[in-house]
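Could you walk me through this structure in plain words? I have the sequence and the 3D view open and would like to know where to look.

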Amino acid sequence: MKILVIGGAGYVGSHMLKRFQDTNHEVEVLDNLSTGFETNCLDFPLHKCDLSNREQVYSILKNKFDLVMHFASFINVGESYINPQKYYENNVINTLNLLNCMVDLKILNFVFSSTAAVYGEPKSNLVSEIHPMTPVNPYGHTKAIVENILKNYDNAYGLKSISLRYFNACGAHSDGTIGERHDPETHLIPLILQAASGRKNKITIYGDDYPTKDGTCVRDYIHVMDLAEAHLLALDRLFQLQLSDVYNIGNNEGFSVKEIIGVAKKITNKKIDIEIQSRRKGDPAELIADNQKIKLELNWTAKHSDLDKIISSAWQWEQKLLTFNQ
Ligand code: UFG
């Protein structure tokens with residue numbers, strides 16, 4: 001199959017490219033390199049292009065792709081409140097540009113990186129795919145809008161898609177060559193590890209008064225290699241059944257911020273200073289995946305998402321990043 005990976009230079013996209021190295025798929029990458037790294041694209045052909053450039057996107061897509069995977073979006077919830085325009089323009093309008101080019105060229109298979117943020121404040125302990133999409137922040141809204149567009153585009157134009165709703169992506173590749181590298185970093189696990197390595201002087205906990213086991217937010221942490229595997233299974237399913245669908249990718253288990261810090265202390269054997277601050281806007285208290293659907297229908301299991309493994313791999317990566325920054 002000939003596949004275009006959009007956003008392959010980024011965190012999840014680069015783990016997908018690594019996974020593709022062990023397959024027979026013919027893969028090319030489209031990325032504007034605004035936040036990603038060219039070296040993450042390995043030996044796959046890279047088209048340096050911004051999705052807002054419809055003509056260029058169209059001419060790249062003309063190279064007869066069977067399927068497009070779309071990893072390129074802005075993901076910072078806090079920033080999406082401050083600069084919603086940036087989020088709606090890139091995550092919605094640019095994605096619409098892409099979909100319109102695909103429909104024009106009859107490329108009708110699409111795998112989309114969605115998010116657990118589409119659920120908003122969950123109404124049950126475990127969130128399944130039938131939970132309504134009621135996002136509480138602009139970032140979540142952008143992804144919910146695209147999911148709705150995808151339903152309409154299937155009905156009208158036969159564009160078949162699988163949307164994968166990631167819970168908290170984390171960890172680094174087991175071979176130590178790639179990992180999470182956002183600038184600025186806002187995600188919990190890399191920030192804790194920066195506090196352990198000395199790149200930061202402490203970790204700030206945003207709120208310890210949530211109605212959770214220890215007052216701090218609970219999340220479902222899923223290793224990025226398990227995410228990549230789910231995408232591979234999703235594209236096989238899409239090609240075989242030609243049915244649009246949505247799947248959670250999570251571990252069915254929640255850990256609090258304090259629990260994550262506890263495990264990080266154990267793995268790193270370092271002192272990690274903590275500061276408690278007030279709640280961050282747009283953070284649900286608890287977000288845990290019901291992952292039955294992806295297990296049953298895609299035969300997916302999480303192989304790397306044991307918390308010790310996640311944090312060990314991220315710690316190995318943090319030590320590599322330290323050498324980049326010296
Ligand atoms: N947190 C802290 N201190 C920090 C950073 C985070 O206490 O310095 C807390 C947050 O308040 C939250 C938890 O740690 O409760 C996890 O925060 P992250 O920023 O790591 O991740 P989020 O849960 O906010 O969001 C992530 C992705 C989103 C995605 C969401 C889906 O960044 O894109 O998971 O669950 F939508």
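Here is a short tour that goes from strands to cores, then to a pocket and a couple of single residues. Keep in mind that this is a predicted model.

Let's start with strand 5, which covers residues 109–115. Seven of its seven residues are buried, so strand 5 is largely enclosed by the rest of the structure. In a regular strand, side chains alternate between the two faces of the sheet. You can follow that here: Asn109, Val111, Ser113 and Thr115 point one way, Phe110, Phe112 and Ser114 point the other way, and all are buried.

What does strand 5 pair with? One partner is strand 4 (residues 67–70), and the two pair in the parallel sense over three bridges. Another is strand 7 (residues 160–166), again in the parallel sense, this time over seven bridges. His70 has Phe112 as its bridge partner in strand 5, and Phe112 in turn has Ser163 as its bridge partner in strand 7.

Elsewhere, there is an open sheet made of four strands, in the order 6-15-10-13, with mixed pairing. Strand 6 (126–127) and strand 13 (255–256) are the edge strands, so to speak: each pairs on one side only. Inside that order, strand 10 (residues 218–219) and strand 15 (residues 286–289) run parallel and are joined by two bridges. If you want to find one of the residue pairs, look at Arg219, whose bridge partner in strand 15 is Leu287.

Now for the nonpolar cores. The largest has 60 residues, and those with the most contacts inside it are Phe20, Met69, Ile249 and Ile260. Helix 7 (residues 224–241) gives the most to this core, with eight residues. A second, separate core has 24 residues, including Val57, Leu98, Met102 and Ile107.

Next comes the second largest pocket, which holds about 240 Å³ of space. Its lining has 15 residues, and Glu147, Lys151, Arg165, Asp245 and Val246 lie nearest its centre. The elements giving two or more residues to that lining are helix 5 (138–157), strand 7 and strand 12 (245–249). Helix 5 supplies the largest share, five residues. By kind, the lining divides into four nonpolar, five polar and six charged residues.

Val118 sits in the loop between strand 5 and strand 6. Is Val118 buried or exposed? Its relative accessibility is 0%, so Val118 counts as buried. Beyond its neighbours within four places in sequence, Val118 is in contact with Pro132, Met133, Thr134, Pro135, Gly140, Lys143, Ala144, Glu147 and Arg165. Two of those names, Glu147 and Arg165, also turned up nearest the centre of the second largest pocket. For a sense of distance, the C-alpha atoms of Val118 and Thr23 are separated by 31 Å, and the two residues are 95 apart along the chain.

The other residue is Val77, found in helix 3 (residues 77–82). Leaving out neighbours within four places in sequence, Val77 is in contact with Asn137, Tyr139, Lys281 and Gly282. Val77 and Leu51 are 26 residues apart in sequence, and 21 Å lies between their C-alpha atoms.

Conventions:
Residues are numbered from 1 along each chain as its sequence is written. This is a predicted model: local features need pLDDT of at least 70, side-chain atom pairs count only at pLDDT 80 or more; totals for chains, interfaces and linings use all residues. Side-chain values use heavy atoms; hydrogens and water are left out. Two strands pair if DSSP finds at least two bridges between them. Buried means under 20% relative accessible area, exposed over 50%, partly exposed in between (1.4 Å probe, protein chains only). On a 1 Å grid over the protein atoms alone, a cavity is a set of points where a 1.4 Å probe fits but cannot get out, and a pocket is an open set with protein on both sides within 12 Å along at least five of seven lines; lining residues have an atom within 4 Å of a point. Grid points are joined across faces, edges and corners, and a volume is the space filled by probe spheres set on the points. Ala, Val, Leu, Ile, Met, Phe, Trp, Tyr, Cys and Pro count as nonpolar, Asp, Glu, Lys and Arg as charged, and the others, Gly among them, as polar. A nonpolar core is a set of buried Ala, Val, Leu, Ile, Met, Phe, Trp, Tyr and Cys residues joined through side-chain atoms within 4.5 Å. Contact means heavy atoms within 4.5 Å.
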